[in-house]
Structures are given as structure tokens and as C-alpha cells.
Amino acid sequence: MVRLHVKRGGESQFLLEAPGSARLAELTPLAARIHNGRLKVQRLCSEMEELAEHGISLPYNMQGLTDEQIEELKLKDEWAEKCVPSGGSIFRKDEMGRRNGFAPNKKMQQVIKKTIEEAKALISKAGTEVIKESEAQLWWAGKQLEETKLLSDYVGKNEKTTIIVKIQKKGQGAPGREPVISHEEHKEMMLYYYRKQEELKKLEEEDDDSFLNAEWADNHALKRQFHGVKDIKWGPR
């Protein structure tokens with residue numbers, strides 16, 4: 001299976017495995033479907049966080065209204081009677097006026113929050129823009145992967161290849177190429193050169209002749225070492 005590391009812009013999105021014989025007319029919509037599915041999960045997680053804090057959503061005609069306005073208009077939240085939190089509820093008023101305020105109890109809140117964490121871990125680094133399957137394009141090495149071709153037409157017959165592809169909307173043009181070195185490698189290089197500059201500055205500040213006292217600067221040190229007379233000190237007994 002060929003492994004596709006799918007990116008949106010410069011952000012990693014997900015890994016997708018497909019045989020080299022896969023038709024790009026089917027593979028491209030599949031990548032868009034996975035991309036958009038991850039966005040749906042992200043939105044669901046956001047709503048679940050609000051559910052854990054302030055209960056279910058109010059009917060649309062009640063959202064944003066004050067208690068006095070609801071009473072004056074004689075509106076009723078029929079969903080509240082049908083969607084009672086399991087194990088009871090805790091009242092937490094939603095200042096935004098979108099939810100009824102009957103939040104689940106602490107035990108159920110923990111269950112919801114754990115589910116959110118697990119879901120977010122599976123879709124980490126999801127994008128923010130939905131791409132219609134009919135408008136999706138895949139790009140690799142600065143080339144658009146044409147839907148009329150097979151994946152193997154681009155990557156060859158090696159089924160253990162890993163490639164970085166970028167998903168784009170049609171008409172947006174070619175995405176930016178991958179950098180020659182990664183961000184982490186760039187940081188390491190900058191740190192290395194900074195340290196070298198600091199060492200050079202330190203040497204310039206020291207006495208230019210100070211190195212003459214160093215052992216490695218002694219022209220006869222190597223000769224003495226071979227003759228076994230290293231570290232001999234002369235002086236009166």
C-alpha cells in the first residue's frame with residue numbers, strides 16, 4: 001500500500017493508505033470525504049463541550065431571548081422534557097441564551113469530556129475549510145494528480161512508498177512546495193551557528209597569545225609522549 005501523508009497548506013491532516021492501482025478519480029473524493037468528516041467531528045466536539053456545561057440547545061425561536069421575553073411570548077421548551085440528562089442535571093445558566101442550562105451531573109460530564117478528548121486525539125490538526133468532493137484536487141511534488149490516471153502512474157510500482165500530498169480546491173492553483181529542511185532542522189541549524197558565533201566572540205575577547213600555554217600548542221608534547229617522558233617536572237630534590 002502506498003501511504004499518502006495528506007496536508008492542507010502547511011498543516012499535516014491525516015495519513016491515507018491506498019494501492020498503487022487506485023484510480024485518482026476515486027482517491028481524490030475519498031481524501032476530501034475524510035477531510036470533511038474530520039471537520040464534522042471537530043464541530044461535534046465543540047457542541048459537546050457546550051452540552052456538558054449548559055445542557056441541550058433551546059429551540060431556535062427561544063435562543064437569545066430573556067426569561068421575561070419567553071414568558072411574554074408564551075414559548076415553551078418542549079425538548080427539555082424529552083432530553084433529560086441521564087442521572088439528573090445541574091442548573092448552569094447559559095449567558096449566551098443558546099442552551100437551557102440543565103447540564104448533566106458531574107459523572108456524566110466526565111464521560112462526555114473523555115469522549116471529546118478521544119475524538120480530538122483521532123482528528124488532531126484538522127483543518128477549518130470544507131472542500132466539496134467534486135472540487136477537490138490532490139497535488140504532489142508540484143504536480144496535480146490527474147483524475148484520469150492511477151496512483152502508480154506517479155509513484156511507480158513500489159507499494160511501500162510514502163509521499164506527501166496536498167489537498168486543494170479546484171482553481172486555487174498549486175500549493176506551496178515542501179521546504180527543503182523541516183522547521184525543527186532549521187531551528188537546530190540556527191542554534192548551531194549561534195553557538196559558533198558566541199565561541200568566536202569569546203576567543204576574540206581573550207588574549208590572542210593565551211593559546212600558547214595550552215598543551216595542544218606545545219610543539220614537543222607529542223615527541224615527549226612517544227619517549228615516555230610526559231609530565232616530568234625538573235627541580236631540586
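**Overview of the chain.** The chain holds 7 helices and 7 strands, which are DSSP runs numbered from the N terminus (helices, H or I, at least four residues; strands, E, at least two), and along the sequence they follow the pattern β-β-α-α-α-β-β-α-β-β-α-β-α-α. Of its 237 residues, 27% count as buried, that is, under 20% relative accessible area with a 1.4 Å probe and protein chains only.

**Strand 1 beside strand 7.** Strand 1 (residues 2-8) runs parallel to strand 7 (residues 162-169), and 5 bridges join the two; pairing here requires that DSSP finds at least two bridges between the strands. Within this pair, Arg3 stands opposite Thr162 of strand 7.

**Strand 5 beside strand 7.** Strand 7 also pairs with strand 5 (residues 136-140), in this case in the antiparallel sense and over 4 bridges, with Gln137 standing opposite Gln168 of strand 7.

**Surroundings of Ser57.** Ser57 lies in the loop that links helix 1 (24-54) with helix 2 (67-73). Apart from neighbours within four places in sequence, Ser57 contacts Gln63, Trp79, Arg98 and Arg99, where contact means heavy atoms within 4.5 Å. Although Ser57 and Arg98 are 41 residues apart along the chain, their C-alpha atoms are separated by 5.7 Å.

**Notes to all views.** Residues are numbered from 1 along each chain as its sequence is written, and side-chain values use heavy atoms, with hydrogens and water left out. Because the model is predicted, local features need pLDDT of at least 70 and side-chain atom pairs count only at pLDDT 80 or more, whereas totals for chains, interfaces and linings use all residues.

Definitions and conventions:
Buried < 20%, exposed > 50% of the residue type's maximum accessible area, 1.4 Å probe, protein only.
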